[in-house]
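Me: Got a model open and want to go through it quickly. Can you take questions as they come?

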Amino acid sequence: MKIQGKMFLWLSVFILIMAVVYGVWSKEPAGATALVMAFGLSVMIGFYLAFTAKRVDAGAQDDKEADVADDAGELGFFSPHSWQPLSLAVGGALAFLAIAMGWWLLYFSAPLILIGIYGWVFEYYRGENQNQ
C-alpha cells in the first residue's frame with residue numbers, strides 16, 4: 001500500500017500545479033475550482049493509503065522481487081445463479097425512464113427495486129441455497 005499512497009500524493013501535487021496554471025491562464029473559476037477539489041480528493045486518498053500502510057503488513061506490491069502469484073488469495077463468494085440483479089436492473093431502468101417519461105412510472109419501478117433488494121439480501125437464508 002505504500003506505493004499507492006505515494007502515487008496518489010504525487011498525483012495530488014501534479015493536480016495542484018495544473019490547477020494553478022489553469023486558474024491563472026484561463027481565468028475561469030469553475031474549472032479551477034474543480035481541479036482544486038480533485039486535488040483535495042487525491043490528497044485524502046493518498047493520506048489514507050499512506051496512513052493505513054503503516055499499520056498493515058507489507059503486501060506483494062511493496063516488494064520489488066514479488067511475483068504476481070504472491071498477491072493471489074481468496075476473492076470471496078460470488079453467487080453463480082442469482083436472478084436478483086436482473087430485477088434491480090429492470091427496476092432501475094424504469095426508475096430512470098420515469099424522469100424522462102413521467103413520474104407515474106415510479107409506481108411500477110419501486111416494487112421491482114424493493115423485490116430485487118429484498119431477494120438479493122435474503123437469497124441465502126431460504127430455499128435450496130440455504131446451506132451455502
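Me: Asp-63 first: buried, partly exposed or exposed?

Reply: Asp-63 is partly exposed, because its relative accessibility is 43%. Here buried means under 20% relative accessible area, exposed means over 50%, and partly exposed is in between (1.4 Å probe, protein chains only). One caution: this is a predicted model, where local features need pLDDT of at least 70, side-chain atom pairs count only at pLDDT 80 or more, and totals for chains, interfaces and linings use all residues. Residues are numbered from 1 along each chain as its sequence is written, and side-chain values use heavy atoms, with hydrogens and water left out.

Me: Where is Asp-63 placed?

Reply: In the loop between α2 (29-53) and α3 (84-101). Helices are DSSP runs (H or I, at least four residues), numbered from the N terminus.

Me: Which residues gather with Asp-63 in the patch of negative charge?

Reply: Glu-65, Asp-67 and Asp-70. Together with Asp-63 they form a negative patch on the surface. Patch members have over 30% relative accessible area and no salt bridge; like charges are joined within 9 Å, and nonpolar side chains (Val, Leu, Ile, Met, Phe, Trp, Tyr) within 5 Å. A salt bridge is a side-chain nitrogen of Lys or Arg within 4 Å of a carboxyl oxygen of Asp or Glu.

Me: Switching topic. Which residues make the nonpolar surface patch?

Reply: Trp-10, Leu-11, Val-13, Phe-14, Ile-17, Met-18, Val-21 and Trp-25. The patch covers about 900 Å².

Me: And Trp-10, buried or exposed?

Reply: Trp-10 counts as exposed because its relative accessibility is 65%. Its place is helix α1 (residues 2-26).

Me: What does UniProt list as "transmembrane region"?

Reply: The unreviewed UniProt entry lists residues 7-25, 31-51 and 88-121. Such annotations may be inferred rather than shown by experiment.

Me: How far apart are the end C-alpha atoms of residues 7-25?

Reply: 27 Å, and the span is 100% helix and 0% strand. For residues 31-51 the ends lie 30 Å apart, again with 100% helix and 0% strand.

Me: What is phi of Lys-27 near?

Reply: Near 55°, a positive value in a residue other than glycine. Most residues other than glycine have a negative phi. Lys-27 sits in the loop between α1 and α2. Lys-27 counts as exposed, because its relative accessibility is 66%.

Me: What separates the C-alpha atoms of Val-36 and Leu-114?

Reply: 39 Å, at 78 residues apart along the chain. Val-36 is in helix α2. Val-36 is partly exposed, with a relative accessible area of 45%.

Me: Last one: how far apart in space are Trp-10 and Tyr-118?

Reply: 43 Å, C-alpha to C-alpha. In sequence Trp-10 and Tyr-118 are 108 residues apart.

Key: Accessible areas come from the Shrake-Rupley method with a 1.4 Å probe; for residues, only the protein chains shown count as cover. Lys and Arg count as positive and Asp and Glu as negative; His and the chain ends are not counted. The place of a charge is taken as NZ of Lys, CZ of Arg, CG of Asp or CD of Glu. Helices (H or I, at least four residues) and strands (E, at least two) are DSSP runs, numbered from the N terminus.
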